[in-house]
Amino acid sequence: MGKPSDLVQGTLDLLILKTLSTEARHGWAIAKRIQQISGEVLQVQQGSLYPALHRLEQQGWIKAKWGESETGRQAKFYSLTAAGRAQLEKETASWERLSGAINLIVQEG
Amino acid sequence: MRWLDRIRMRVQMLFRRGRAADRLDDELRFHLEQQIAENIAAGMNAEEARHAAMREFGNPAALRDQARETWSWNGVELVLRDLRIATRTLLRTPGFAAIAILVMALGIGANIALFTVVRSVLLKPLPFRDPDRLVRLYEHSTDDKFPYNASAGGVFAEWKKQSRSFSDMAISGYVGYNLSGTRGQLPENVRAFEVTWNLFPLLGVDPALGRGFTQDDDRASANGTVILSWGLWKRRFGGDPAILNQTILLDAKPYTVIGIMPAWFSWPDQSRQLWTPLEYRELADQLQALDEHNFIAIGRLKPGVTVKEAGAELSVITRRIHDQHLDNPFVSKSANIRSLLDSMVGEVKTPLYVLLAATGCVLLIACLNVANLLVARGAARRKEMAIRAALGGSRMRLLREQLMESLILSAGGGVLGVALAALTIRWLLTAQPEMARAEAIHPDSMVGAFALALVVFSAAFTGVVSSLSAGSRWVLAALQESSRTHSGGLARTRLRKLLLTLEVGLTVVLLTSSGLLLRSYARLRSSNLGCITQNVLTMSLDLPEVRYKEDAQRANFFDTLLARVRSLPGVQAASYIFPTVPGAGYGGDSGFRITEHPPLPQGQSQYARTLFIDPGYFATMGIPIVRGRIFSENQRPRHPTEIIVSETFVRQYLAGEDPLGRHIHKGHDTYEIVGICGDTRHEVSEPAAPAMYFALDAAEDMNSATLVIRSDRDVTQFALPVQRIVQELDRDLPVSDILTMDEVIGRNTADASFDATLLLIFAASSLLLAAVGLFGVLSYIVAQRTTEIGVRIALGAQRGQLLRFILADGLRPALYGLVMGLAGSALVTRLIQSMLYKTQALDPGVFVLVSLILLFVAAMACLLPAWRASRIDPMQALRTE
């Protein structure tokens, strides 16, 4: 399991922040959510997910809280911080610019 | 608030790391459980669900590590882990660790100590205002023999009047006083310094208490004033500020104490205990004389003026004076300037840098040795490393661990070395208290940085050298080699031999250098002063002018003292000399003319040491009268007519003539040469200078003399009885510099002895290190080749042949090192030529001796492993696999 490339890593951060923008979730739920929303196209590997979560937490974009999961077990729930919300907006904007640009090139050919 | 979150996070990661790790495990386990639950929901049985989930999940340990890598403090944690592993590894071989740390401590400690001295003495600026603009001014004598001569009062006055390069200049001179006892204290001879009033402002130093000198204090008509050193004030006057404005007696004359200098201040050296105004004390003719070089001149350069420009300006002025007095050959013709710091430490510069270079060599040898030990250990741990590399330990990781090991060794060595250095410096200060600026020797932050740099350097050096051969490309080879260890690891052995060769080479350089210094010292000690030195005691007396105004008073004192000393049982002979006994310094000289000779060409001069003695002196010191006789008894005070000259004097100035009966004209008097005496040396290391001896009791204003006493037994026992006699004659008269002749010589050769001893210690420890290194390498080679040797013996090799074979293997690096070292020495020893006395830098005796010693030690170090190899039992050797 190699390290995700920069593009993928940045994208994964965006996906995680986006997923957490509606409600607090634990790691498993984040992976599931991304999988569902993307129509099973994006499969987040645990090997990328947890390092990414911990990195985002270290950077203060998200914060973690232990709570009870739907099955009644203790789980670590992540939620966005105010800074994380601002970061999400920034990353969304930059993603839109980037994907728009790539689209332009792809469609022109 | 993001920064707040981040700080909270950091704190949490630092102090609750264990808890965070548990949480991470829990989090991952939860994920796995969820997956299993989902799999079960999808219809798998429990066992299947678990396996599938685990498969998908991957390696939990690796996943955990990846997550942890994102945590803050991860770097610190890794370093700590390396540290733990390295410590554990080292503790497994405590003997090795201890030796390595000791070796490092030796190298690092010696370097810190020497660096502290070099930094404090040579590099640290003087503690004065803008010290880099302070310079010492010298006259350059007409005959070019003394480029850094003291200044004459009259020449200095012209410098001061005419030069434009200096914002200020001052003169000063060494003096001594009898400080009379007050409140029942004993009188005391104090070393002092007379200064013009502007010297302290020029240096930029104010008294701690009271005031400095003013121009009004600094003239003959003023009242006597004195400034005390902090030390004298504390010691003699109990640190009582009430001493200010009180009067003390110096040479029985009243001086008012006007100030106390700060505790840190010492000028020109620590022995000076008080300062008096120069022009108050010096006679006007001294201040105007052009040819009496008595004063130490100091200047402060104006901003933007270089030393060179200022020197050129003073030279021009001096030249002008010289040209106006062409009839006087003692008026200098140019001037020299050097920085004040250089003028103080010029003499110790070369020896200190030589010693620093030597300690550098010792450190390098220590590093090479530790690297050698690490390589040997690396060989033993080779399989472990190979297995770890095979299991995925990254090369970087393994290298880091190795570097960490050498860092621990160096740091341990550094800590121990600092302690060692502290002890060394303390010893040094007691061994060399008179070294220039000894009082400035303190470790400072720069020394700390240097110590740190040494540790890092040693760690990097040993670590990198020892891991040079630990590359992962040999993993496979190491694993394959595991079945049989025949002559394996050749590359490592080669590296170790190379390190050894370097080590031996450096050792040889140290050995030859110390050998040369020792030889030079031995020559110095055995050089003949020209007089008896055994069981001779010397002591100095200074009669205060105020109380001994009349010649008769002085003569009375000297005669009575001498008569009483001579009558002490056990005293064989006693007499006086002024100013110095042989071996105690030059004293002074005077110009003269030989009446029977035609006048000297203009600008040429004749001069000889001027000594005053009583007629018994030659007999007391065992100096032969070669021809003629000693003074007759009819030398009336102030009307001396006779003179005795030395053999060198005759050789130099009266060659080919009959010297007896010739006349010497000196000052206003003419003397007849009545005798010729043997030569004595004023310095152990200098050839005898021409000398003239005058009758002491016939000389004018002769207040001082050195009493010499010879006995046939231990002469120090007379020190107290003689002092008691002096006290009985004059209660206020102190006796100073009570030394045997051996001590006088010892003082003058102390530096040479010190340098040679230190260097010898360094060389001996290097030799020991090299021997240990040789022994280690050869033992290792023999151990590695046990099987091979066993096979050879089984096939019929002779034991003697094997012994030679192994010996040659060990001696080869020693031989290469020796050749390299001798070549290096030939280059290096030239640099210490200036420290050698009657010894050539390429002294063949020393080089041969060093070679023999080195070969002997190397052979000894190799003998045991070689002998062991030749005793190997082939059956056992073949079975060890």
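**Terms and their grounds**

Mentor: In chain A, 50% of the contacts with a separation of 6 or more are between residues 24 or more positions apart, a contact being heavy atoms within 4.5 Å. This is a predicted model, in which local features need pLDDT of at least 70, side-chain atom pairs count only at pLDDT 80 or more, and totals for chains, interfaces and linings use all residues. Residues are numbered from 1 along each chain as its sequence is written, chains are lettered from A and ligands numbered from 1 in the order in which they are written, and side-chain values use heavy atoms, with hydrogens and water left out.

Trainee: What is the secondary structure of chain A?

Mentor: Chain A has four helices and three strands, arranged along the sequence as α-β-α-α-β-β-α. Helices are DSSP runs of H or I with at least four residues, strands are runs of E with at least two, and both are numbered from the N terminus. Of the 109 residues in chain A, 43% are buried.

Trainee: Why is Thr538(B) called buried?

Mentor: Buried means under 20% relative accessible area, exposed means over 50%, and partly exposed lies in between (1.4 Å probe, protein chains only). Thr538(B) has 4% relative accessibility and therefore counts as buried. This residue is in strand β12 (residues 536–542) of chain B. Leaving aside residues up to four places away in sequence, Thr538(B) touches several residues, including Val581(B), Leu707(B), Ile738(B) and Met741(B).

Trainee: Why is Pro615(B) called partly exposed?

Mentor: Pro615(B) has 24% relative accessibility, so it counts as partly exposed. Pro615(B) is in the loop between β16 (607–613) and α20 (617–621) of chain B. The C-alpha atoms of Pro615(B) and Ala695(B) are 7.2 Å apart, although the two are 80 residues apart in sequence.

Trainee: What makes the phi of Glu40(A) worth a remark?

Mentor: Phi of Glu40(A) is near 65°, a positive value in a residue other than glycine. Glu40(A) is in the loop between α2 (27–37) and α3 of chain A, and its relative accessible area of 48% makes it partly exposed. Asp130(B), also not a glycine, has a positive phi of about 40°. With 44% relative accessibility, Asp130(B) counts as partly exposed.

Trainee: Why are α2(B) and α4(B) called oblique to each other?

Mentor: The axes of α2 (residues 17–41) and α4 (residues 60–69) of chain B come within 11 Å and cross at roughly 130°. Axes are lines fitted to C-alpha atoms, for helices over the stretch in contact, with angles from 0 to 180 degrees between N-to-C directions. Angles under 35 degrees count as roughly parallel, over 145 as roughly antiparallel, 65 to 115 as roughly perpendicular and the rest as oblique. The two helices are therefore oblique.

Trainee: Which residues of α2(B) and α4(B) meet?

Mentor: Arg17(B), Ala21(B), Leu24(B), Asp25(B) and Leu28(B) in α2(B) meet Leu63(B), Arg64(B), Ala67(B) and Arg68(B) in α4(B). By class, five of the contact residues are nonpolar, none polar and four charged. Ala, Val, Leu, Ile, Met, Phe, Trp, Tyr, Cys and Pro count as nonpolar, Asp, Glu, Lys and Arg as charged, and the others, Gly among them, as polar.

Trainee: How do you know that the bond between Trp267(B) and Pro268(B) is cis?

Mentor: Omega of the peptide bond joining Trp267(B) and Pro268(B) is about 0°. Pro268(B) is in the loop between β8 (253–260) and β9 (274–277) of chain B.
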